[in-house]
Amino acid sequence: MKSRIRYSRFATAVTVVVYCLLFAGCIATVRDERAFFILLAIYLTLIVGGLLYGPAYVEVDKDNIILGSLLRRKKITLRDVESVELFRPTMGAIRIFASGGFMGYWGIFKEGDIGRYYAFYGKSSDCFLVRMKNGDKYVVGCENPDDIITYVSSHIGSRLK
């Protein structure tokens with residue numbers, strides 16, 4: 001089962017504005033070689049970072065939850081999952097090492113009620129929380145979180161029997 005990730009209007013706007021400003025900055029500084037290359041390096045770093053870590057899809061099979069970006073896939077083994085439930089992250093979450101809208105929401109956040117977690121979503125209304133047996137937490141979002149939760153719950157429930 002594979003589900004695409006939708007970005008919120010805010011995340012889309014932040015991504016577009018950042019790319020446009022950096023592109024305009026590169027154009028404006030084309031005659032100032034040093035400033036141009038500094039902006040170009042920042043621009044390329046953001047593009048590569050977004051392609052490596054920005055959420056694109058979530059896929060679930062009988063063994064794994066796969067968090068996919070355009071250039072990378074991270075696997076969460078279902079046998080290590082303790083529980084999965086609907087969850088809505090708040091805007092009050094503290095970014096430890098994360099993106100709070102640029103190319104979606106991804107990275108390490110900290111929130112008062114659940115503590116530290118790894119985020120991988122585009123819209124907070126499409127999220128679910130995966131709790132691991134080792135205490136790690138993942139807040140993941142996709143177009144159909146209810147279907148993913150049902151699928152994962154049935155597979156982790158069958159392993160407990």
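In the predicted model, strands β9 (residues 127-132) and β10 (residues 137-141) run antiparallel and are joined by five bridges. Within this pairing, Arg-131 is placed opposite Lys-137 of β10. Both strands belong to an open sheet of six strands, whose order is β5-β9-β10-β8-β7-β6 and whose pairing is mixed. The edges of the sheet are formed by β5 (81-86) and β6 (94-101); each of these has a single partner strand, so one side of each remains without a neighbour in the sheet. On average, and with direction ignored, neighbouring strands of the sheet are turned by 20° against each other. Helix α1 (residues 9-28) packs on this sheet, where it touches β6 and β7. The direction of helix α1 makes about 85° with that of β6.

The aromatic side chains were examined next. A pair of aromatic rings is described by the distance of the centres and the angle of the planes. With ring centres required to lie within 6.5 Å, the count comes to seven aromatic pairs. One of the pairs is that of Tyr-53 and Trp-106, with ring centres 5.6 Å apart and planes at 15°. Planes under 30 degrees apart count as stacked, and the pair of Tyr-53 and Trp-106 is therefore assigned to that class. Tyr-53 is located in helix α2 (residues 33-53) and Trp-106 in strand β7 (residues 104-111), so the pair ties together parts that are 53 residues apart in sequence. Tyr-53 has a relative accessibility of 33% and counts as partly exposed, whereas Trp-106, at 15%, counts as buried.

A further stacked pair is formed by Tyr-105 and Tyr-121, for which the distance is 5.0 Å centre to centre and the angle between the planes is 15°. Tyr-105 lies in strand β7 and Tyr-121 in strand β8 (residues 115-121). The two residues are 16 residues apart, and their pair links distant parts of the chain. Both Tyr-105 and Tyr-121 are buried.

Two other aromatic arrangements complete the description. Tyr-19, Tyr-43 and Phe-102 together form one aromatic cluster. A charge placed over a ring is found at Tyr-57, where Lys-2 lies over the face of the ring at 4.2 Å from the ring centre.

Note on methods: Residues numbered from 1 in each chain as written. Predicted model: local features only at pLDDT ≥ 70, side-chain atom pairs only at ≥ 80, totals over all residues. Heavy atoms only, no water. Phe/Tyr/Trp six-rings, centres within 6.5 Å; stacked < 30°, edge-to-face > 60°. Helix = DSSP H or I, 4+ residues; strand = E, 2+ residues; numbered from the N terminus. Buried < 20%, exposed > 50% of the residue type's maximum accessible area, 1.4 Å probe, protein only. Lys NZ or Arg CZ within 6 Å of the ring centre and 35° of its normal. Pairing = 2+ DSSP bridges. Axes fitted to C-alpha atoms, helices over the stretch in contact; angles between N-to-C directions. Contact = heavy atoms within 4.5 Å.
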